[in-house]
Amino acid sequence: MRILLLGKNGQVGWELQRALAPLGELIALDRRGAVEEGMRPGEGARLCGDLTDLDGLAATVDGLAPDVIVNAAAYTAVDKAEAEPALAYTINAAAVDVLARAAARNDALLVHYSTDYVFDGSGERPWQEESPTGPLSVYGRTKLEGEEAIRASGCRHLIFRTSWVHGARGGNFARTMLRLAVERERLTVIADQIGAPTGAELIADVSAHAIRATLRNSALCGTYHLAAGGETSWHGYASFVIEQARRLGAVLKVEEIAPIASADYPVAAARPLNSRLDTRHLREAFGLHLPDWRQGVERMLREILE
Ligand SMILES: NC(=O)C1=CN([C@@H]2O[C@H](COP(=O)(O)OP(=O)(O)OC[C@H]3O[C@@H](n4cnc5c(N)ncnc54)[C@H](OP(=O)(O)O)[C@@H]3O)[C@@H](O)[C@H]2O)C=CC1
Ligand SMILES: Cc1cn([C@H]2C[C@H](O)[C@@H](COP(=O)(O)OP(=O)(O)O[C@H]3O[C@@H](C)C(=O)[C@@H](O)[C@H]3O)O2)c(=O)[nH]c1=O
């Protein structure tokens with residue numbers, strides 16, 4: 001079996017390199033692409049991993065004819081996307097449309113990741129897969145358009161909507177908090193946005209498990225919510241990170257982590273207040289348990305700090 005992985009060096013992509021390796025021949029690309037292995041220098045076919053090169057992307061999939069395409073690449077700079085909507089659209093929607101059509105042509109299974117930011121954040125109940133969407137930001141809107149392109153293409157697919165991703169590799173909220181805690185005595189952190197921090201490691205392991213199962217049974221194709229168990233606010237998340245980091249011996253300047261409202265933290269892109277994702281569909285379809293979010297955060301901190 002041949003697997004094409006795009007975005008190999010992102011938080012999730014990095015963990016997918018590990019988790020997908022035992023499934024088959026893994027061709028992992030970042031935006032710089034690669035020259036096909038086994039060819040002499042100068043003669044290799046160029047593999048394109050750049051999601052802004054739509055023709056290159058389609059030719060790469062057609063040339064490789066993979067059994068599975070896993071797209072972990074995305075435009076994830078939520079505030080910056082407000083100023084770069086065209087680029088965010090190209091990467092998060094147009095390129096995904098190209099991948100979905102290429103997957104359909106090649107009868108490949110397409111695995112893709114989406115976000116809690118496709119929802120408007122109203123209410124307090126966890127969102128289900130079929131709940132109405134209503135993105136508040138360019139990032140959320142372009143990610144939703146990517147999802148819709150996949151569902152419209154008719155390709156076999158797994159779309160995992162996840163939330164608040166962290167990994168030992170790559171930038172994320174926990175790392176930002178650790179950096180700020182070294183520099184400042186007081187942090188102010190939003191306490192009225194609720195969700196579940198989810199480890200890239202967990203996402204990759206669940207993806208590998210689900211790919212195996214779906215290749216045996218295409219009835220499992222579809223959109224799933226994939227988030228760690230439990231819930232917290234960004235403030236609760238930051239407090240846990242600081243407490244655990246101290247326990248692991250980190251020397252931090254911070255003395256106070258003050259809870260604030262979203263309204264008191266002006267940013268370019270609005271974020272949903274309610275980012276809770278109902279994961280029942282995923283757990284039942286694939287027979288999985290999703291551990292509490294604290295477990296993954298603690299593990300990441302050990303990797304970073306020990
Ligand atoms: N991070 C989060 O909190 C959440 C993420 N998600 C989704 O999960 C998926 C994985 O996210 P995550 O691993 O955290 O993201 P990261 O931001 O860690 O990684 C994104 C990857 O995409 C790559 N990329 C960006 N632009 C291009 C391009 N033009 N061509 C090729 N590659 C490109 C980046 O490459 P480079 O390093 O070279 O820039 C990077 O490797 C995404 O679909 C994201 O939308 C969903 C919910 C939460
Ligand atoms: C740095 C900082 C952020 N915040 C707030 C701002 C924001 O509402 C929240 C998270 O900030 P960030 O900008 O780090 O996170 P953000 O980029 O919004 O994270 C999102 O990324 C995309 C890719 C997703 O798909 C989402 O699931 C989510 O993880 O914390 C504070 O309250 N205080 C602070 O000091």
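Which helix and which strand each supply at least two residues of the shell around ligand 1? They are helix H1 (11-20) and strand S6 (109-115). This is a predicted model, in which local features need pLDDT of at least 70, side-chain atom pairs count only at pLDDT 80 or more, and totals for chains, interfaces and linings use all residues. Residues are numbered from 1 along each chain as its sequence is written, while chains are lettered from A and ligands numbered from 1 in the order in which they are written. Helices (H or I, at least four residues) and strands (E, at least two) are DSSP runs, numbered from the N terminus.

**Ligand 1**

- Ligand 1 is surrounded by 26 residues, where a residue counts as near if its C-beta atom, placed from the backbone, lies within 6 Å.
- The closest of these residues are Gly10, Arg31, Ala73, Ala74 and Val165.
- H1 gives the largest share of the shell around ligand 1, three residues.
- The shell around ligand 1 has 10 nonpolar, 12 polar and four charged residues; Ala, Val, Leu, Ile, Met, Phe, Trp, Tyr, Cys and Pro count as nonpolar, Asp, Glu, Lys and Arg as charged, and the others, Gly among them, as polar.

**Ligand 2**

- Around ligand 2 there are 19 residues, the closest being Thr76, Val78, Thr115, Phe173 and Ile190.
- Helix H5 (173-183) and strand S9 (186-190) are the elements that give two or more residues to this shell.
- S9 provides the largest share, four residues.
- The shell around ligand 2 divides into 11 nonpolar, six polar and two charged residues.

**H5 and H7**

- The axes of H5 and helix H7 (residues 234-247) come within 10 Å and cross at roughly 60°; axes are lines fitted to C-alpha atoms, for helices over the stretch in contact, and angles run from 0 to 180 degrees between N-to-C directions.
- H5 is therefore oblique to H7, since angles under 35 degrees count as roughly parallel, over 145 as roughly antiparallel, 65 to 115 as roughly perpendicular and the rest as oblique.
- The contact of H5 with H7 has 11 nonpolar, no polar and no charged residues.
- Residues in contact have C-beta atoms, placed from the backbone, within 7 Å; in H5 they include Phe173 and Met177, and in H7 they include Trp234 and Tyr237.

**H3 and H4**

- Helix H3 (residues 85-105) and helix H4 (residues 138-153) pack at an angle of about 15°, with their axes 8 Å apart.
- H3 and H4 are therefore roughly parallel to each other.
- The contact of H3 with H4 has 11 nonpolar, four polar and four charged residues.

Note on methods:
Contact = placed C-beta atoms within 7 Å.
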